[in-house]
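Work through these exercises with the model open beside you. Try each task before reading its solution.

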Amino acid sequence: MKLSAVLWALLTGAVLLFLLAPVAVLIFSAFDDGKFFRFPPRGLSLRWFGAALESPEYRSALINSTIIACVSTAISVTAGLMAATGLSRGGLKSRALVELLLLAPLTLPLVVWAIALLQIYARLGISGTFGGLVLAHAVITLPLSVRILLATLAGIDPQMEEAARSLGARPLRAFLRTTFPLALPGVLTAAVFSFLVSFNDVVVTTFIAGARWMTFPVRMYSQLRGQGVDPITLAIGAMIVALILAAVIAGELKFKWSRRL
Amino acid sequence: MLAAKSARGLVAPAVILTAGVFLAPFLLLLAMSLWSQPPGSLMLDVTPTGENYRRITTDAYYMGGLARTIWLSLATTAICAVLSLPLAWWIVRRAGRFRGLILAVVLIPMVCGALLPTLGIVNLIGPLGVLNGTLKSLGLIERSWKLLGTQAGILIGLVHAFLPLMVLPLVASMDRLPRDAEGAAMSLGARRRAVWTRIILPLCAPGLLAGSALVFCATLTAFVTPLILGQGKIPTFATMAYQQASLVLDWPFASALAVVMLAILAAIGALGWAVRQALPGAAR
Amino acid sequence: MMSPHVLIDGIAKSYGGAPALRGATIEIGEGEFAALLGPSGCGKSTLLRILSGLLEPDRGRILLGGEDITRLPAWDRDIGLVFQNYALFPHMTVAQNVGFGLEMRRLSRGETRTRVVDALAAVGLAGLDRRRPSELSGGQQQRVAIARAIAIRPRLLLLDEPLSNLDAVLRSSVRSELRELHDRTGITTVMVTHDQSEALSIADRVILMKDGSVVQAGTPKEIYGRPATAFAASFVGNPPAALFPLPSAAAAGAAGWQPPPLLRDAIRRGGVTMALRPEDLVLGAGPACLPAKLRRIEFQGADQLALAEAFGQPLAVRLGRGETVAGPQIRIALPERPLLYDTATGDPVAIEQLAEEEQP
């Protein structure tokens, strides 16, 4: 190999290391035995993981996050699949405009929106409620679903459904037997990304979460701003990151996720 | 093909959600930024006033914050561009069967959210963190290198958070590069440097532009990373807006700060569009 | 023809104001193999989609076996459709693809199995039922698409450009296989094609379309021998007829051409175009023959094509394999009764009519 190629590979490796380092450190630091992480650690143990699994207050925040993410993902993927189907198969005259509208939240800043939403929610009295949180999360994940599913449907021949209809299948059945199974990897991708965005969101949720429906990231965020993180938070964060990493690597290898975004 | 009626029915829920819940609040924000909150009162005064904007433009605290934010955004964008170009090229041309795995690594900051990687960075660059611990045990430094609570620390976090926004559009545009273009240029006598400046960079310019716009806008409005890695000592425009909205509870003023951010983003968008039009091959 | 099996009655359709079909009326007999022929954009594919029920017409009716099916949805029509790109279901095996229509009809498992095997045997794919479409060649994929369409025992089989996605070698063999399949099954078949030689060689009846209207419907021999318009003449034939506007009497005289009486009448009328098929022309001599300039000779294997120019208009003459020409000045003997059309409208000009016009 030529020197330039070696340098190039080293540079690339350094950037990849930089991308990996924070999550690697996060996972590593959860094994530190001490109450405050320091490097090199005085000792390694699994005790914070054990504590994490037993702590009821963290469990409730995690359960809240999971419930909210599941419900908003269901809404986001359903509405997204409907919209993508209508847009890619409908021959609407206003297609470009509707697409622009539906994808706009990807380019508009969420903080700005959250500052407005906070005030509207306060007036409507739904700040900190389950419904308010799910609505906000469904809306921020919807454009992601729409984009992933539009790209998915663009790769599926619309004549497949027509063939099914000419063979005697009613429209819904034709969709469920032909387009839907072929779109399943895309639907799964949309669901996973919607779930992750919702589950991890702190930018919007910190404005509208209440004491009753506190999510895990918001809880962690207030710790980070205040006294600093406790090791239990670190352990839970490490487990979440490890799960996400495994899911993303599997998803990328099996479904080429990076191409669907 | 679907009938237009059923297509409209399918699109309707998403359009209602997006237009009603996402876009409508932006319009309300414009109105709310003109309201005011008299000191010591919880009631809002809804007579339109430009007082909030006057306060932002005349107070050195806010204008300084704005200048610092723009500087951080520009620096983040530049660093991301410099790091992404070789990485994207390597992914497209050299990674081969590792491509998927490497792209998964690139996706990490995106799929982990803003918070978890930031928590990792705190433990990485903190006074007792991995970086300082390593340097100290190697005997390279005696006292901890102060990164947490400085602009450098914030920059590290921002670059990490938004690098994928630059890498992915670049990979997409490099994927579309005709494979033979480089070979053709070399057969015509172009050296490696000329291949980059005359062929690769011009053809990737749209991707680079898209990535830059995304990174700049994301940085400008980020508040979680600056707040945590700056340890509250380095106010940026977005952290100011966050504090006004969620701690000070002066919502009209927070709205005005948000509107200013939106205006800057609109200007960046317009600039990006103009540059895109001026690029060769804009019609494609 | 007996009472038609398919009656397409005044079907019109426009897309956002642009008319694709302007009231087409077509009859197709039971057991016939019909070809909808025309250049791209003539409305033939739109008509096929309307027949299949995937598209609703703006006006007109469709009768199938005497029953009005205009408003019947595609899934209730029992019309088999073979798509141009086949539209096979990639996530199903060959057998599942072919059995799909039977499953929709809730046939018993055993009956489905029998019919799938029969359909696959009919297209010569016996034994491939466990394969996936992606494991088949293009020609095999098309056979699966045909098997899938005939497995439902359709009342009508529609083929959309069935030969266009095949390479040249396969094309001629598939052409005769399609015809044999039709003759074996007896299913009334409508094929859409833009290739006139395909239409002439397979179909019992050719329906020539242009700009959303039917130009001419008839047997291949009728279409070739008595083209209803100048367009029909210039679209059919290989190469098609050359459209040759008759020169003025003065120009003819100056070139030393003494046209036969019939053409003299036509020249006097003015605005008349001859449609000249290369195979109707021979080289000749004498002032009655059309003076032309030889440009080039194309060797075509079985015969040769002399490309010439007369009065500034290109035309071609088919020559025998061994024939030689002394150029560049040649004379072309015209057929006794050439095809004559009005230059402006494209409508045929009757020879008797010319004679009448002679006496004021």
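The exercises below go from chain contacts to helix packing, cores and backbone details.

This is a predicted model: local features need pLDDT of at least 70, side-chain atom pairs count only at pLDDT 80 or more, and totals for chains, interfaces and linings use all residues. Residues are numbered from 1 along each chain as its sequence is written, while chains are lettered from A and ligands numbered from 1 in the order in which they are written.

**Exercise 1. Chain pairs**

Find which pair of chains has the most contacts.

Solution. Start with the rule: two residues are in contact if their C-beta atoms, placed from the backbone, lie within 7 Å. Two pairs of chains touch, and chains A and B have the most contacts. Next, check chains B and C. No contact joins them, and their closest C-alpha atoms lie 8 Å apart.

**Exercise 2. The side of chain A that touches chain B**

Which helix gives the largest share of the side of chain A that touches chain B?

Solution. Elements come first: helices (H or I, at least four residues) and strands (E, at least two) are DSSP runs, numbered from the N terminus. Helix H1 (residues 3-29) of chain A gives the largest share of this side, 14 residues. Now sort by class. Ala, Val, Leu, Ile, Met, Phe, Trp, Tyr, Cys and Pro count as nonpolar, Asp, Glu, Lys and Arg as charged, and the others, Gly among them, as polar. The side of chain A that touches chain B then divides into 58 nonpolar, 12 polar and five charged residues.

**Exercise 3. The side of chain A that touches chain C**

List the elements that give two or more residues to the side of chain A that touches chain C.

Solution. They are helix H7 (159-166) and helix H8 (171-200) of chain A. H7(A) gives the most, with seven residues. By class, this side has seven nonpolar, four polar and four charged residues.

**Exercise 4. Two helix pairs**

Describe how H7(B) packs with H9(B), then how H3(A) packs with H6(A).

Solution. Two packed helices are described by the angle between their axes and the distance between the axes. Axes are lines fitted to C-alpha atoms, for helices over the stretch in contact, and angles run from 0 to 180 degrees between N-to-C directions. Angles under 35 degrees count as roughly parallel, over 145 as roughly antiparallel, 65 to 115 as roughly perpendicular and the rest as oblique.

- First pair: H7(B) and helix H9 (residues 192-221) of chain B pack at about 160°, with axes 8 Å apart. H7(B) and H9(B) are therefore roughly antiparallel.
- The contact has 15 nonpolar, four polar and no charged residues.
- Contact of the second pair: H3(A) with H6(A) has 18 nonpolar, nine polar and no charged residues.

**Exercise 5. The nonpolar cores**

Which residues of the largest nonpolar core touch the most other members?

Solution. A nonpolar core is a set of buried Ala, Val, Leu, Ile, Met, Phe, Trp, Tyr and Cys residues joined through C-beta atoms within 7 Å. A residue is buried if 20 or more other C-beta atoms lie within 10 Å of its own, exposed if 12 or fewer, and partly exposed in between; C-beta atoms are placed from the backbone. The largest core has 165 residues, and Val111(A), Ile115(A), Ala241(B), Leu257(B), Ala258(B) and Met261(B) touch the most other members. Helix H7 (residues 151-175) of chain B gives the largest share of this core, 13 residues. Apart from this core lies another, of 107 residues, among them Ala151(C) and Leu290(C).

**Exercise 6. Backbone details**

Where do the cis peptide bonds to Pro40(A) and Pro239(C) lie, and where are Gln231(B) and Asp211(C)?

Solution. Take them one by one.

- Phe39(A) to Pro40(A) is cis, with omega near -5°. Pro40(A) is in the loop between H1 and helix H2 (47-54) of chain A.
- Asn238(C) and Pro239(C) are joined by a cis bond, with omega about -5°. Pro239(C) lies in the loop between helix H8 (230-235) and strand E11 (242-245) of chain C.
- Gln231(B), not a glycine, has a positive phi of about 50°. Its loop runs between helix H10 (224-229) and helix H11 (237-248) of chain B.
- Asp211(C) has phi near 50°, also positive in a residue other than glycine. Its loop is between strand E9 (205-210) and strand E10 (213-218) of chain C.
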